[in-house]
Amino acid sequence: MRTMTAVALCCLAAMSLVGCSSQESGDIQIVFAAGNDPSGATEALVDEYNAAHPGVRVEFQAMPANTDTQHDAYVTYLSARESSIDLYSLDVIWTAEFARAGWIVALPEGYIRTDEFLDGPLASVTYKGTLYAVPWFTDAGVLYYRKDLLEEAGVPVPETWTDFRRACREIAEPRGMDGFVWQGARYEGLVCDFLEFLWSVGGTLDEATVVERPADAERGVTEALGLMLSFLDSGISPAGVLTYKEEDSRRLFTEGRALFLRNWPYVWSVAEGEGSKIKGLAGIAPLPHVEGQTSYSTIGGWNIALSTYSEHPDEALDFLRFITGERSMKERAIEGGYLPTLRRTYEDADVLAANPHFASFSEVFQNTRNRPRSPHYPRMSDIIQENVHRTLTYEIEPATAAADMVRELAEIMAE
Ligand code: GLC
């Protein structure tokens, strides 16, 4: 397991304090741990729930937004059978791992109306046919572009990497801007970006290809790594991209210093919000692809699960229903731009008025793909991260990285 960061340890310390205060007040204490919500919508919802439920006090434990930090903190915590967190918000890639380890509880039969949820997020909460969590919000990789600058140059939104590179050369270079920023640090976000580059060249790491046709898988990986290197070699992407996570790349874009950005839907509200230097100037499109191929977005998103070690499962389940219910989806969509997992929230007039761009997302959402769904996913992710990052820092050749990646993934998939 990766070394747990100081930030995560601080969060865990804070959780223990929360646990103490509840005993003093006499209320039943429910702790809900989830990534920080800068919009404040989640905290407002928790306050609303608390006001309506005397005798129960829900504490929102805001975790650092970074998925790897949260993962490692939760694994440490749950391995020790700690009971002071009742509900965990889990990245879509963790359900199998947490369910198999026995850390999260199978939800009661009929707990949610499954037909009300979008298919992709719903698939991410089941393990071996059993429901282990409730989908909370969904994500998909999006290309953000500077609408004003493309229009001014008379350049259409590029659909192929060739046109994309040309746009960067013609528009970004003369202005001294970065052409394209994305998430190149060695962490989970790099896997999401890499898979999108891989799919855009027609490659795949699906099990059948990796195990039965490894040479095909290697070819795609080599090409995708070549594409990523070409962004760095040509200066379209700054070298710093290799240390960027979501917020680092987002900041450059909303400060007006980059022409294109690959990121998740949350960036839209930030780009349109106070403090953005590009308010009204950004557009959203599917990511480009090589000629003759199709682009696909990586599906991300977060679910909420009940801890096996919760001492108040009934109260926790009641709050879980509220925080994943229609009202919460709506508030978080309006205030924070989070994409709901309930189908009908997309038809809500208030939600659409606050998020007119939700209509543009529907084009991106036509073509999405999942990361592998496996209890061994963290090991797979590590293999991909290591081989991609070492290639981008020129430690190994793309073909060597591709061969190592496919061989190591095949070993895990064959288990
Ligand atoms: C977003 C996605 C999540 C993904 C992470 C990678 O939080 O929702 O699924 O793993 O980004 O950084």
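**A walk through the predicted model**

Let's start with Lys 128, which has 72% relative accessibility and therefore counts as exposed. The cut-offs there: with a 1.4 Å probe and protein chains only, under 20% relative accessible area is buried, over 50% is exposed, and in between is partly exposed. A word on what we're looking at: this is a predicted model, where local features need pLDDT of at least 70 and side-chain atom pairs pLDDT 80 or more, while totals for chains, interfaces and linings use all residues. Numbering runs from 1 along each chain as its sequence is written, and side-chain values use heavy atoms, with hydrogens and water left out.

Back to Lys 128. It is in the loop between strand E4 (126-127) and strand E5 (130-131). By the way, helices (H or I, at least four residues) and strands (E, at least two) are DSSP runs numbered from the N terminus. What is the phi of Lys 128? It is near 50 degrees, a positive value in a residue other than glycine. Most residues other than glycine have a negative phi. Tyr 394 also has a positive phi, near 60 degrees. You'll find Tyr 394 in the loop between helix H17 (377-392) and helix H18 (398-414), and a relative accessible area of 54% is why Tyr 394 is called exposed.

Now for something enclosed: strand E7, residues 142-146. 5 of its 5 residues are buried, so the rest of the structure largely encloses the strand. Val 142, Tyr 144 and Arg 146 point one way from E7, and Leu 143 and Tyr 145 point the other way. Which strands does E7 pair with? On one hand there's E9 (residues 258-263), antiparallel to E7 and joined by 4 bridges; on the other there's E10 (residues 282-285), also antiparallel and joined by 4 bridges. Pairing here takes at least two DSSP bridges between two strands. If you want to click on residues, Val 142 has Asn 263 as its bridge partner in E9, and Tyr 144 stands opposite Ile 284 in E10.

On to the aromatics. How many aromatic pairs does a search of the whole structure find? There are 28. To pair, ring centres of Phe, Tyr or Trp (its six-membered ring) lie within 6.5 Å; planes under 30 degrees apart are stacked, over 60 edge-to-face, and the rest tilted. Take Trp 161 and Phe 180: their pair is tilted, with 6.2 Å between centres and 40 degrees between the planes. That pair links distant parts of the chain, with Trp 161 in helix H7 (residues 161-175) and Phe 180 in strand E8 (residues 178-181), 19 residues apart. Both partners are buried, Trp 161 at 2% and Phe 180 at 0% relative accessibility. Phe 319 is buried, at 0%. Phe 319 and Phe 322 also belong to an aromatic cluster whose members include Phe 32, Tyr 49, Trp 136 and Tyr 338.

Two arginines sit over rings, too. Arg 262 lies over the face of Trp 264, 4.2 Å from the ring centre, and the charged end of Arg 369 is over Tyr 296, 3.6 Å from its ring centre. The rule: NZ of Lys or CZ of Arg within 6 Å of the ring centre and within 35 degrees of the ring normal.

Finally, the holes. The largest pocket holds about 960 Å³ of space. Its lining has 41 residues, with Asn 36, Pro 38, Ala 65, Tyr 266 and Tyr 338 nearest the centre. Which element gives the largest share of that lining? Helix H11 (residues 246-254), with 4 residues.

There are also 2 cavities of 30 Å³ or more. For both terms, it's a 1 Å grid over the protein atoms alone: in a cavity a 1.4 Å probe fits but cannot get out, while a pocket is an open set with protein on both sides within 12 Å along at least five of seven lines, and lining residues have an atom within 4 Å of a point. Points join across faces, edges and corners, and volume is the space filled by probe spheres set on them. The second largest cavity has a volume of about 30 Å³, and among the residues lining it are Trp 136, Phe 137 and Tyr 338. Strand E6 (134-140) and helix H14 each give two or more residues to that lining, and H14 has the largest share, with 4.
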